[in-house]
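Please look over the sequence and the model before reading on.

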Amino acid sequence: SAASDVYKRQVYVYNGIFFPDDKTLKFGNSETDPKVTVTWDEAGTATLHIVAEDGDGLGITLSADNADDNGDSWKLNVADGGTFTLANNTSGSQVTKLTLATGGGLTTTGGITSTVGEFSSSTRDNNLKIISTDSSASSGPRLELDRQSSSPADDDTLGIILFKGKSEIGGSNFTSTYAEIFANIVDHEGNASSSFSEGSFPFR
């Protein structure tokens, strides 16, 4: 039929496609019941809206290298209800690596690398909580402060934990250090890079 032939036709674009504001691009087998729609809105910040049909989640896959190897594809997914996930095809199928809940909670299966991090809260709840579910007799959870110096030497400070608070010194907005815990290299052999080394753990 003429209607079915429309879906079989190829369209060649030579000079780009102009897509007016508030018009809808529909994906699906029925014009009246599309599975995904795409619109854009130029009011305020220009925004592209990609929307799945009622009751469905939405996934977008980004692939490199023809998606022919493990790890080449990442999938962004928004579930019905709002939970956002980011998955990678690391083992032949999409495996979730990051989950962002609607309440702001973030879960990741790998490490987070950053030069600076800050956690802020207006309540007395735990700002940072580290949990280990290991059932062995080994220690855990573990907090590691690793000073990767290229020239370690005796008396180097390895890491420090500062206890700070507001002070009247210099005005009400001045922050003072009230106490600190730190670690130093102490090597009686005179070689801080040797296989045997000692350290001190002062409080002040």
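How many bridges join strand β2 to β3? The model is a predicted one, and in it six bridges link β2, residues 36-41, to β3. These two strands run antiparallel.

**The sheet**

- Strands β1, β2 and β3 form an open sheet of three strands, in the order β1-β2-β3.
- The pairing in this sheet is antiparallel.
- β1 (24-27) and β3 (47-52) stand at the edges and have a single partner strand each, so one side of each lacks a neighbour in the sheet.
- From one strand to the next, the twist averages 15°.
- D41 has T47, in β3, as its bridge partner.
- In general, the strands of a sheet pair through backbone hydrogen bonds, and the pairing is either parallel or antiparallel.

**The largest pocket**

- Empty space can be found by rolling a probe the size of a water molecule over the atoms.
- The largest pocket holds about 760 Å³ of space.
- Its lining is made up of 13 residues.
- Among these, I112, F119, L128, K129 and I130 lie nearest the centre of the pocket.
- By class, the lining of the largest pocket has six nonpolar, five polar and two charged residues.

**The second largest pocket**

- The second largest pocket holds about 370 Å³ of space.
- The residues that line the second largest pocket are L143, L145, G159, I160, I161, L162 and K164.
- This lining divides into five nonpolar residues, one polar and one charged.

Key. Residues numbered from 1 in each chain as written. Predicted model: local features only at pLDDT ≥ 70, side-chain atom pairs only at ≥ 80, totals over all residues. Heavy atoms only, no water. Pairing = 2+ DSSP bridges. Helix = DSSP H or I, 4+ residues; strand = E, 2+ residues; numbered from the N terminus. Axes fitted to C-alpha atoms, helices over the stretch in contact; angles between N-to-C directions. 1 Å grid on protein atoms, 1.4 Å probe; cavity = no way out; pocket = protein on both sides within 12 Å on 5 of 7 lines; lining within 4 Å. Points joined across faces, edges and corners; volume = space filled by probe spheres on them. Nonpolar A, V, L, I, M, F, W, Y, C, P; charged D, E, K, R; others polar.
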